[in-house]
Amino acid sequence: MLRAVVIVLGALIVIALAILAFGVATKIGGRGGARGPEASAYALPRDARILDMQTSANRLILRVQTGTSQEVYVFDADNGRLIARIAPAK
């Protein structure tokens, strides 16, 4: 009976080490694991100048001078997406 318990526990240890080795190889190889969200690219208008930059509650807030007016851009700090653009009516 004791011999059977030792054999079963030894087999479980070998299986656990094989799973661990597979996990390490997958992590090093870059094939496994969830990746974070890709950052989006946003280009400000060509004539824009950033006047002020603030962060608040996971948001990046830019005050931008474009031509003769000022605009406010609000970005999500996690993924870089534009959330809001506040500009004077034209």
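In which loop does alanine 41 lie? Alanine 41 belongs to the loop between helix H1 (2–29) and strand E1 (48–56). The model shown is predicted; local features need pLDDT of at least 70, side-chain atom pairs count only at pLDDT 80 or more, and totals for chains, interfaces and linings use all residues. Residues are numbered from 1 along each chain as its sequence is written, and side-chain values use heavy atoms, with hydrogens and water left out.

**View 1. Alanine 41 in its loop.** Helices (H or I, at least four residues) and strands (E, at least two) are DSSP runs, numbered from the N terminus. Alanine 41 has a relative accessible area of 83% and is therefore exposed (over 50%; buried is under 20%, partly exposed in between; 1.4 Å probe, protein chains only). Its C-alpha atom is separated by 7.0 Å from that of glycine 80, 39 residues apart along the chain.

**View 2. Aspartate 76 in strand E3 (residues 69–76).** Aspartate 76 counts as buried because its relative accessibility is 14%. A polar atom of its side chain lies 2.9 Å from the backbone nitrogen of aspartate 78. Leaving aside residues up to four places away in sequence, aspartate 76 touches Asn58, Arg59, Arg81 and Ile83 (contact means heavy atoms within 4.5 Å).

**View 3. Isoleucine 19 in helix H1.** With a relative accessible area of 58%, isoleucine 19 is exposed.

Terms used. A polar contact is a pair of N or O atoms within 3.5 Å; within protein, one must be able to donate a hydrogen and the other to accept it, and residues adjacent in sequence count only if both atoms are side-chain atoms.
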